[in-house]
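Dear colleague,

Here is the structure you will be working with. My notes on it follow below.

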Amino acid sequence: MTVDLQTIAARFDRWGPSFTGSTRAVALMRIGLAVIAITRFGGEIGFHQAQNPGTLLLSALFFLMVAMMFVGYLSRFACIGTGLSVMCLYIAGALTQTAGWAHHHVYLLGTACLLLALTECGRSYSLDRWRALNAARRARPTQPVPREYGLLWGQRLIALQLSAMYFWTAIDKTDRAFLSGERLEQTFVWVYSGRALEFVLAYPGMIALLSVIVVIVEYVLAVAILVPRWRIWALPMGLALHAGFYLMLPVHTYSATAMVLYLALLDPARVHSFIERIQGHERVAHHL
């Protein structure tokens, strides 16, 4: 039993805490999440919106952390700062009933930034890498450049976060109100009334069918995105689902965040190799 537990612990360590690889995918996630954060809150918490010194300080910290995260300066610290700032806004929204702030879309964005801090996301596409390259060249002019390679524990956790998100959103929808189409029809009435797509409301059967399909797809994705051999069809299915949400419903932050987080489901080496190929290189660079 001891040997078995040690084997399990070793496998878990290799899968998670000691998981390493190319940092390009997590760097792209870092940039994407920073853009989403500033797009979501930039207009709502600008300095002109500050009501007191406390909110002014939070706004200043938010913009500073997001800017650092975007350019990749002290990247892991910036991810923590951005994640905590977003979570503060999430909590403030719950306490003050600010529209849209206490939504699970905001929670997903904040926790994703915090989990990204568990990766070495500053080793690619960042000011941190530029500084590391300059330091290496000064110290060892003839030596290979620093590798775009590091710990990726947070990438595994983001994948689990996506799986949990699909599972619990499916659970939330597994009731008569949603499966019958009533909840989705109510949403469509709010969104489409007086607009070009108002004709959709004349087909309650189609709305009910869409409701059932959404629940089934979310249950499937909760499992399929974690199984490597299933991802070849699960990822296009998930992206199509979020594209549909983005086009049909006002849930843009959620859709955009989930799509960016799909980078966590890809093999880091394959992402690195793909980028090398589209940049015109015939093989993976020697610093991987």
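Helices (H or I, at least four residues) and strands (E, at least two) are DSSP runs, numbered from the N terminus. This is a predicted model, in which local features need pLDDT of at least 70, side-chain atom pairs count only at pLDDT 80 or more, and totals for chains, interfaces and linings use all residues. Residues are numbered from 1 along each chain as its sequence is written, and side-chain values use heavy atoms, with hydrogens and water left out.

Surface patch. Leu197, Phe199, Tyr203, Met206, Leu209, Leu210, Ile213, Tyr246, Leu247 and Met248 make a nonpolar surface patch of about 960 Å². Helix H10 (204-224) and helix H11 (231-248) are the elements that give two or more residues to the nonpolar patch. H10 supplies the largest share, 4 residues. Phe199, one of the patch residues, lies in the loop between helix H9 (182-192) and H10.

Two single residues. Arg14 is in helix H1 (residues 2-15). Arg14 counts as exposed because its relative accessibility is 53% (exposed means over 50% relative accessible area, buried under 20%, partly exposed in between; 1.4 Å probe, protein chains only). From Arg14 to Arg131 there are 117 residues in sequence and 30 Å in space, C-alpha to C-alpha.

Gln161 is in helix H7 (residues 153-173). At 15% relative accessibility, Gln161 counts as buried. Leaving aside neighbours within four places in sequence, Gln161 is in contact with Leu108, Thr111, Ala112, Leu115 and Leu261, where contact means heavy atoms within 4.5 Å.

Accessible areas come from the Shrake-Rupley method with a 1.4 Å probe; for residues, only the protein chains shown count as cover.

Regards

Methods: Patch = residues over 30% accessible without salt bridge, like charges linked within 9 Å, V, L, I, M, F, W, Y side chains within 5 Å. Salt bridge = Lys/Arg side-chain N within 4 Å of Asp/Glu carboxyl O.
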